[in-house]
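Please walk through this structure one part at a time.

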Amino acid sequence: MNSDSLQNTLDPAFTGGSRVGVLLPVPLGKVYDYLVGQGQSLHAGDFVRVPFGPRKLVGVVWGAGAGDVAEAKLKSVSAKLPAPPMAEVTRKFIDWLAAYTLSTQGQVLKMAMSVEDALEDPRGVKVFQIADLDADHHANVKMTKTRERVLDVLRGSPPMTASEIALAAGCSPAVVTGLYKAGALVEASQVRERTWAAPDVASAGPVLSDAQARAAHDLVARVQAGAFVGLLLDGVPGSGKTEVYFEAVAEALREGKQVLVLLPEIALGSQWLARFEKRFGVKPAEWHSDLGQRERRETWRAVADGRARVVVGARSALFLPFHDLGLIVVDEEHDPAFKQEEGVIYSARDMAVVRAHLGNFPICLVSATPSLESVVNVEAGKYQLLHLPERHGGAVLPELDLIDMRLEKLPATRWLSGTLEQALRDTFAAGEQAMLFLNRRGYAPLTLCRTCGHRLACPNCSAWLVEHRVRGRLQCHHCGHNIPLPDKCPNCNAEYSFHACGPGVERLAEEVMGIFPEVRFALASSDTLSGPRAAADLIGRIERHEVDLIIGTQIVAKGYHFPLLTLVGVVDGDLGLAGGDLRAAERTYQLLYQVAGRAGRGDKPGRVLVQTYLPDHPVMQAMASGVRDTFVAEEIRARQELAMPPFGRLVALIVSGKIESAVDAQASALVRSSPRYEGVRVLGPAPAPLALLRGRHRRRFLMKVKPGLPPQAIVREWLERTQKEKGVRIQVDVDPQSFL
Ligand code: ADP
Ligand code: ZN
């Protein structure tokens with residue numbers, strides 16, 4: 001038994017007539033007192049059903065009741081659910097995360113109870129077998145050829161579902177139900193638990209290079225020690241980081257622990273899954289938003305009782321009810337996708353560190369371009385650095401050249417420079433693959449009327465509509481609003497006067513087709529890769545060399561390994577530098593570096609061409625020189641000078657509502673009550689860059705706090721002092737990453 005479940009049984013039981021505090025997964029959710037029913041015995045962590053207003057809700061026993069409500073008014077716990085109790089470490093994690101993000105505990109609990117189904121006994125499926133009738137009775141059932149086949153299938157076989165029988169007998173399920181109605185079959189309910197084969201931890205991985213072996217050795221030793229430590233595995237793309245942390249995964253499994261691997265976009269993790277299966281002989285449990293209800297239920301339950309040993313998932317996997325978690329790996333730890341921007345706003349990377357701390361086991365952050373936060377933590381001695389300086393097997397890092405677009409003088413409807421075009425030509429001629437990177441979905445980011453200059457904008461958001469020509473529609477990338485391309489300008493009525501400005505990947509594909517009509521290309525963006533299957537399909541086609549050219553958005557930047565891919569062209573290297581938020585340079589650098597890392601991963605050397613109008617920008621200079629650490633050191637120095645994160649702390653407040661005047665009134669109230677301390681600065685209110693989003697008006701505050709001051713306490717007091725406007729929401733974003 002693991003220490004967490006041991007704790008549950010050692011906790012004193014709450015018996016009939018005593019009070020318990022029950023946390024409910026509702027937005028206002030706090031811990032409410034309930035009476036334990038006669039004959040009931042509850043422990044902290046038990047899942048219970050309780051009356052709540054007119055409804056019944058499922059919640060978790062959080063501890064003894066607070067005693068703040070008169071006993072006469074208390075309601076009783078209706079029932080205890082037949083699920084493994086929530087471990088103490090999970091409850092602590094929920095409390096911690098709620099306090100840190102200034103959310104209610106109920107909001108956080110809701111994320112940890114996303115599969116309520118899993119708390120009930122598993123439901124059976126309906127199965128059939130032959131009825132135990134005497135010969136006379138059977139003789140009364142009218143028989144046909146198909147009915148005979150059904151009985152043949154069932155004779156001597158275990159009970160089967162109607163569709164299984166139908167498949168085996170080559171008939172429709174209706175034949176089975178017909179036989180059942182006629183009395184020749186009986187039905188029963190059968191619980192079918194999916195089996196989770198144990199990963200094979202005995203078989204060895206590849207022979208590691210010296211640097212790899214050293215890193216793996218350190219990592220494994222930390223897993224054996226079994227105490228909290230933050231590790232940063234930093235290595236150039238292709239240096240074998242995955243192979244190295246697989247060693248730690250194997251060790252944790254040998255110790256009987258569960259392992260969680262967080263990936264930024266698990267829907268695109270098919271190559272990762274295949275590698276895992278190759279190494280460990282089984283598939284890991286997956287956790288992401290594309291799972292069906294049944295898979296969610298089964299996985300949740302298997303994680304809770306320890307049958308699922310390794311989970312690979314997106315950020316929500318942090319809230320799974322691990323039985324005995326002993327290692328977390330956060331791959332591509334710098335990736336912005338780890339930040340959840342809706343509901344409870346949190347960074348899954350940072351919260352994973354908290355989770356490891358509470359569970360007292362190691363966490364390994366992995367990246368070729370670590371976030372500045374992690375680099376600073378290494379410098380401060382908080383994390384241990386594991387470094388892989390070179391690509392595995394002597395593969396060299398690609399040669400990178402900047403193309404100064406100011407000298408190219410391209411016509412307004414062309415985006416490929418002559419240099420890049422020639423490089424593509426050479427690559428195709430050599431029978432190799434190329435990738436063009438442009439971080440813009442659709443055909444064109446802006447459509448305007450040539451007659452009056454009117455720009456087609458979203459009615460619900462401060463954003464232009466993006467043309468998607470494949471789909472024949474204009475679409476808002478923020479709220480999804482979409483319309484067919486109108487014939488007439490809504491402003492001046494001019495007909496067929498629209499002009500598409502700028503390129504998206506679709507338009508780039510058009511240009512490429514004009515130049516290389518014979519080339520087999522694939523578009524890769526969130527529009528074309530809508531789920532794990534589509535992504536796996538495309539990856540398969542690239543691996544089988546059925547594709548010569550990939551034209552993609554940042555979706556293709558991540559972690560893929562395509563040995564034949566030797567040329568990467570970045571069409572607009574400056575794209576991420578506009579907007580100028582705190583991390584623009586860091587993000588652009590990380591993204592370009594990752595994209596560049598796709599080139600030349602096999603035996604053939606790779607080449608990267610970056611088109612830019614800003615060749616002197618520090619990011620471009622860092623890319624061209626290949627010296628990552630100078631750029632990083634420079635960024636860190638600048639942040640330190642300005643007391644920006646990770647040195648000072650930031651908290652953003654986003655005020656939003658449907659009625660603009662109410663939003664402004666709320667913003668004014670926040671100004672009046674704003675904290676006035678030494679070391680705290682409040683900037684704003686300012687209209688958010690997305691001043692209108694999904695029909696809501698938005699204003700932003702940014703609070704900057706000197707190191708050492710507690711931002712949460714300051715914001716909590718600030719909000720308590722503030723008069724609230726009806727219909728206006730104030731969202732708190734601690735450690736904001738996005739400033740939109
Ligand atoms: P990273 O995660 O750092 O990008 P990978 O772990 O994906 O690097 O390694 C890149 C490629 O090199 C993969 O195909 C991997 O299987 C291979 N590789 C890495 N290390 C070794 C090794 N020691 N022996 C054999 N192949 C290796
Ligand atoms: Zn919109």
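The paragraphs below take up these parts in turn.

This is a predicted model, in which local features need pLDDT of at least 70, side-chain atom pairs count only at pLDDT 80 or more, and totals for chains, interfaces and linings use all residues. Residues are numbered from 1 along each chain as its sequence is written, chains are lettered from A and ligands numbered from 1 in the order in which they are written, and side-chain values use heavy atoms, with hydrogens and water left out.

The domain assignment gives domain 1 (3-119), domain 2 (125-190), domain 3 (210-386), domain 4 (396-440 + 503-637), domain 5 (442-502) and domain 6 (649-734); such bounds come from an automatic or database domain assignment. The centres of domain 1 and domain 3, taken over C-alpha atoms, are 29 Å apart. Between these two domains, 23 residues of domain 1 are in contact with 19 residues of domain 3, where contact means heavy atoms within 4.5 Å.

S103 sits in the loop between α2 (88-101) and α3 (105-112). Helices (H or I, at least four residues) and strands (E, at least two) are DSSP runs, numbered from the N terminus. Is S103 buried or exposed? S103 counts as buried because its relative accessibility is 16%; buried means under 20% relative accessible area, exposed over 50%, and partly exposed in between (1.4 Å probe, protein chains only). Leaving out residues up to four places away in sequence, S103 touches A98, V108 and V344. Its side chain also makes a polar contact with the side chain of T101, at 2.7 Å. A polar contact is a pair of N or O atoms within 3.5 Å; within protein, one must be able to donate a hydrogen and the other to accept it, and residues adjacent in sequence count only if both atoms are side-chain atoms.

Helix α15 (residues 505-515) has V505, E506, R507, L508, A509, E511 and V512 as its buried residues. Those residues pack against the strands β20 (433-437), β22 (466-468), β25 (498-501), β26 (521-524) and β27 (549-552).

Ligand 1 is surrounded by 16 residues, of which V207, G238, K241, T242 and R275 are the closest; a residue is included if one of its heavy atoms lies within 4 Å of the ligand. Helix α9 (residues 241-254) gives the largest share of this shell, three residues. A polar backbone atom of V207 lies 2.8 Å from a nitrogen atom of ligand 1, and a polar backbone atom of G240 lies 2.9 Å from an oxygen atom of ligand 1.
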